[in-house]
Amino acid sequence: MQLIYKKTTIPKLPMIILVSLLFFLFLLSQFHIHRRTTAHSTAADLRIRHGYTSYDSHIERQLNKTLNPKLRKIWTTRDWDRKVSVFSAFFDSLKRRSLLSNHSKALSIGARVGQEVAALKLVGVEDSVGIDLVPRPPLVVEGDFHAQPFDDETFDFEFSNVFDHALYPWKFVGEIQRTLKSGGVCVLHVALSRRTDKYSANDLYSVRPLVELFNRSDLVEVNKVDGFGLDTEVVFRKKIK
């Protein structure tokens with residue numbers, strides 16, 4: 001019995017399909033490279049400082065600064081008028097750009113002795129309050145910015161210049177987005193061109209990590225500022241549901 005083998009031929013793909021397939025595979029490889037590069041860049045642009053053995057040790061270090069009697073005396077005396085004046089200029093500028101109004105319910109995060117709150121009230125934003133680990137009534141109530149003591153969607157406006165003190169930046173931003181109303185504005189003053197003080201818990205080198213963290217908000221503005229060692233103002237608006 002003789003076996004007969006038939007030769008099977010694989011049909012050739014038309015050149016245009018072959019070229020399209022190769023181009024698609026090229027784009028797919030570039031997409032994965034871009035994702036890896038972007039993830040690496042974002043991680044490199046926000047670095048948590050080493051040295052904190054626990055969250056309690058982080059809080060203790062922050063309290064060492066906030067409760068320092070010499071610093072508190074400076075903040076409430078010779079520094080008071082100067083800082084209130086500078087913050088008033090910042091907030092007045094935000095009002096002119098329609099990012100803040102007299103009718104806004106405003107929160108200052110990490111307000112220490114309350115200069116930012118006093119400045120908000122001075123420019124006409126009466127419904128303003130601050131939070132800090134150490135309260136200073138009536139301007140500042142006790143609160144941890146990693147777990148704000150407020151209900152969801154409480155504020156129209158939130159301001160902070162202490163992002164660098166957040167040991168868990170994702171919690172810091174998550175709490176802002178939780179307590180900010182839909183359409184509300186958050187303004188951060190951060191340092192991008194230099195390291196901040198010895199009490200900082202993280203170092204930020206670009207705006208990219210903030211854009212990634214504020215995943216329920218739109219980036220509105222990025223401006224240069226001169227704010228007590230901080231050089232960049234970043235403005236977000238929470239997306240409307």
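Phe87, Phe90, Phe91, Phe157, Phe159 and Phe228 form one aromatic cluster, where rings of Phe, Tyr and Trp (its six-membered ring) pair if their centres lie within 6.5 Å, and planes under 30 degrees apart count as stacked, over 60 as edge-to-face and the rest as tilted. The model is predicted, with local features needing pLDDT of at least 70 and side-chain atom pairs counting only at pLDDT 80 or more, while totals for chains, interfaces and linings use all residues. Residues are numbered from 1 along each chain as its sequence is written, and side-chain values use heavy atoms, with hydrogens and water left out.

The chain as a whole contains 7 helices and 9 strands, taken as DSSP runs numbered from the N terminus (helices: H or I, at least four residues; strands: E, at least two). Of its 241 residues, 46% count as buried, a word that stands for under 20% relative accessible area, with exposed meaning over 50% and partly exposed in between (1.4 Å probe, protein chains only). Among the contacts in the chain with a separation of 6 or more, 67% come from residues 24 or more positions apart, a contact being heavy atoms within 4.5 Å.

By the ring rule there are 12 aromatic pairs, and two of them are set side by side here.

| Pair | Centre to centre | Angle between planes | Type |
|---|---|---|---|
| Phenylalanine 87 and phenylalanine 159 | 6.0 Å | 75° | edge-to-face |
| Phenylalanine 214 and phenylalanine 236 | 4.1 Å | 10° | stacked |

Phenylalanine 87 belongs to helix H4 (residues 80-96) and phenylalanine 159 to strand E5 (residues 155-160), so their pair ties together parts that are 72 residues apart in sequence; both of these residues are buried. In the stacked pair, phenylalanine 214 sits in the loop between H7 and strand E8 (217-227) and phenylalanine 236 in strand E9 (residues 230-238), so that distant parts of the chain, 22 residues apart, are linked. Phenylalanine 214 counts as buried because its relative accessibility is 1%, and phenylalanine 236 is likewise buried at 1%.

Charged side chains also meet rings: arginine 47 lies over the face of tyrosine 205, at 4.6 Å from the ring centre, and the charged end of lysine 171 sits over the ring of tyrosine 168, 4.9 Å from its centre. Such a placement requires NZ of Lys or CZ of Arg within 6 Å of the ring centre and within 35 degrees of the ring normal.

Valine 211, in helix H7 (residues 208-213), counts as partly exposed because its relative accessibility is 39%.
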